[in-house]
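User: I would like to go through this model term by term, asking each time what a label rests on. Please set each value against its criterion before you conclude.

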Amino acid sequence: MSAIALQFLRELGFVLLQHKDHGRFVLLSPPPPWLLELWGAYDVNGGEIRIVEKSPFLENFLFEADTFWQSGKTGLCQSEMWIEKSVSGKEIALAAIALESGGKRLLALHSPESQFHERQQLLQTARNSLLDHEKLQREIQKKEILLHCIIHDLSQPLSVMSVALDCMIGEQISDRGQGLLDLGRKASDQQCLMIRDILQVFAADLQASMDAESKPGSAPDLLACASSVLNAFVPVYAAKGVQLRINDSAKQRSDWRVRGQGRRLERIFSNLLENALRYSPPGSTVTIGLEEQGEFLKAYVDDEGPGLPADMTPAQIFALFSKGKESGGKAGLGLYFCRLTVERWGGIISCESRPERGSRFWFQLPGVSAEVERTPQAAESQPPPNRVPLIKRPMRVLLADDQNEIRLLTAHQLERNGHHVVAVANGQEALDALQKESFDVALLDEDMPLMTGLQALKAIREREDKFSALIVIALTGYNSEPDRQRLLHAGFDSVIGKPFRLDALEALLQGAAESVSAAPTVAPRAVVKSPWEIVLDRVAGDEQLARKMVLTFLRETPPRMAGIQKALTKKSGARLASFAHALKGSVSIFDAHGARECAEKLQDLGRANSFTEATGLYSQLKEEIAHLEENLRGYAGRRRPREPGASSKNQRRSSKPKPKQP
Amino acid sequence: MIQKKICMLGAFAVGKTSLVRRFVESIFSETYHTTVGVKIDRKTLQLNATEINLVLWDLYGDDDFQKIRWSHFQGAYGYLLVADGTRRSTLEKALLLEERARQEIGSVPFVFVINKSDLAKDWELDAQVEAQLQAKKWTVLRSSAKTGEGVEEAFAELTRKMLV
């Protein structure tokens, strides 16, 4: 090799060695400083260098280099970069190139420090990004669970507290008790606001996430997601000796797109497969299957383990922090995440023991075709306003909520305000109730087991011929404006956010009722009925129940009136509003419009802390109440009083006390 | 003195370099520095009455950016298969790499090390899979390059296996 070529290589930082035999080399160019530092001056300048003794990496590379030299190929054989420590402990980056020139087998070594650092920086950035991405995915799951906890698991008990406190209004309690009640209501209001504020912080995230989920073009494919997760899980399954497969049912169709978002859908499959593996004995098989279920597409994971624990329901298994008994998972969040995600997309998730052996965990989601039809409309149109149309009289209300306390207390309060209520625990029971009797209003909780509010609504809207007059109102823990719009778009006539105050619910119902009077479509009342007849109508002629209601009214009204008077004396707006509100509800049962109007005005004045007109209104209310009590007093006992001239036999509706003259 | 070559194998960021540093220099750094290419270290180990010079080949993590070159395993007597207990995906990667290693270099002694045992609250690996691997005669150890837990034992166990 010419001196010029050697100088050129030296300038580039290379050192050239010529291969003699059996791993022996001689230097063809002066050693650069890094080589002296690495191998020592004595060894380098001593003539022959036995590479195998100097560098384990080069010892290895010589196998590749030998193959290259023997092949007679032209070009170069390059090694990867490697790092070796010098005698002084310094790390030196190295690279080697084997080549042949003029029949000589040559080895060029160099220390590509800058190239090494550039490459390291690039890889460091890429891998840091991957780690961040993984971490972010985990954080997103945690955040979604946290949000759901706030929305559902904190709001629900708060609703119960709030409704329970509302129900205490008008009860006979001491001044001190009243003070404590006000304190409790104030605290529950504050907590409601705090929950809404927290949700507000996440509103942008929620909106972005929902936008991504509702884009028709981005609908994930069940089969593609299942396959992707299956590939990742095969080695782990193999390690445990469990086979993992997708069954042939997936070939039924080519398009398995569903509502949702790909990454989350993969996470659902991933959580279900992790769960299945946990309970699968070696030698068994876990099968992923897909099925059509009308407009829904269903995916299931079958295992051959011990089946579900006999003492646990599917709802418990999918609950927060739920763990199996024998081989618990991690934090009990995986299946919970699956449930809240599937339900958020309008789907259902559940599990069951299989008749042969093992268990089946399944979920179904709306197929994308229905979604595609719906979404563009939703995107183009403005969010519809609340669509509660005109309703006459106190209403027949169907209340569906999975939480016992909410059902009990809401029903109690609605009944106390004169409405007829049937309370059920899920969407399916709501549909069953609708088959048996007719209702004016259905209040459906969005988030219920077995059948959600959205699914029940869908079934109701499909029977438009039968339920065209039914007003369907959503009760939801998702309190953001985008969620309200989502539910209105889904077909609800109105939306009430949880935790809700009963007066808000009542205001919505009363607001609807008030519209009745102005509505030309509603036929005017042909005959003026007495309060007794009205209440008797309301309970479908059940005299005993009607008497109970009258008795309750007569018993509860004096303390309420006294409460109003006291609130006026003490100028307590909150108490005035509370007592007037309670009274308004109770007089509504008897269609006592005058009394109701006075009570409502007093309630408004109380809320505004204004007392100038209140005294006059109170006098008017007192008079209205006195007339109403007079009309009702005779019906409060066990038996209806005998009318002058009436037969001694019971006459269900013919007799009535003299109505108050306007 | 006997000399044995050991390779470190596993996904990226599982702590292969940290395990070697802890073993060779008793040092741990919280900062993650990705490995480019191959890093070679040495450590003399006293096992019973025998002194063994271990040549440790710390290979970069296998991923889409850098694929393992199996030629690096030429002359290796064994390898430490490493996963990160806080990232389930690294277990999947380790199992795939072990299968590839069997195909490429045949049956070579190895020890499966699940690293980062100090991060117990973030643990993602299923204890059942661990038990199942042990049932398949794998040597499975938990380690922490941070605290040093299980590090010496892992290298010593691998050396013992290599000497058999």
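Analyst: Two residues are in contact if their C-beta atoms, placed from the backbone, lie within 7 Å. The model is a predicted one, and among contacts in chain A between residues at least 6 apart in sequence, 65% join residues at least 24 apart. Chain A has 23 helices and 17 strands, and buried residues make up 37% of its 662 residues.

User: What makes A:L335 count as buried?

Analyst: The criterion asks for 20 or more other C-beta atoms within 10 Å of the residue's own. A:L335 has 25 C-beta neighbours inside 10 Å, and therefore counts as buried. The residue lies in helix α11 of chain A, which covers residues 334-344; A:L335 and A:N271, although 64 residues apart in sequence, are 6.7 Å apart in space, C-alpha to C-alpha.

User: How do you know which elements of chain A form the side that touches chain B?

Analyst: With the contact cut-off of 7 Å between C-beta atoms, 28 residues of chain A are in contact with 26 residues of chain B. The elements of chain A giving two or more residues to this side are α5 (56-71), β5 (82-85), α6 (113-168) and α8 (222-240), and α6(A) gives the most, with nine residues. By class, the side of chain A that touches chain B has 15 nonpolar, five polar and eight charged residues.

User: Why are β5(A) and β2 of chain B called paired strands?

Analyst: Strands pair if DSSP finds at least two bridges between them. A:I83 has B:K39 as its bridge partner in β2(B).

User: What makes up the largest nonpolar core, and which residues touch the most other members?

Analyst: Membership requires buried residues of the listed nonpolar kinds, joined through C-beta atoms within 7 Å. The largest such core has 113 residues, of which B:I6, B:L9, B:L80, B:L81 and B:V113 touch the most other members. The element that gives the most to this core is α8(A), with nine residues, and the core draws at least three residues from each of domain 1 (3-111) and domain 3 (219-371) of chain A. Apart from it lies another core, of 34 residues, among them A:V397, A:V421, A:M448 and A:A474. In soluble globular proteins, nonpolar side chains tend to be buried together.

User: Why are β14 and β17 of chain A said to stand at the edges of their sheet?

Analyst: Five strands of chain A form an open sheet with parallel pairing, in the order β14-β13-β15-β16-β17. β14 (420-424) and β17 (494-497) each have a single partner strand, so one side of each is left without a neighbour in the sheet, and they stand at the edges. Neighbouring strands of this sheet are turned by 20 degrees against each other on average, direction ignored.

User: How do you know that β13 and β15 of chain A pair, and which helices pack on the sheet?

Analyst: At least two bridges are needed; four join β13 (residues 396-400) to β15 (residues 441-445) of chain A, so these parallel strands pair. A:L398 stands opposite A:A442 in β15(A). Helix α14 (residues 427-436) of chain A packs on the sheet, touching β13, β14 and β15, and its direction makes about 155 degrees with that of β13(A). Helix α15 (residues 453-462) of chain A also packs on the sheet, touching β13, β15 and β16 (471-476), with its direction at about 145 degrees to that of β15(A).

Technical notes: Residues numbered from 1 in each chain as written. Chains lettered and ligands numbered in written order. Predicted model: local features only at pLDDT ≥ 70, side-chain atom pairs only at ≥ 80, totals over all residues. Buried ≥ 20, exposed ≤ 12 C-beta atoms within 10 Å, placed from the backbone. Nonpolar A, V, L, I, M, F, W, Y, C, P; charged D, E, K, R; others polar. Domains from an automatic or database assignment. Axes fitted to C-alpha atoms, helices over the stretch in contact; angles between N-to-C directions.
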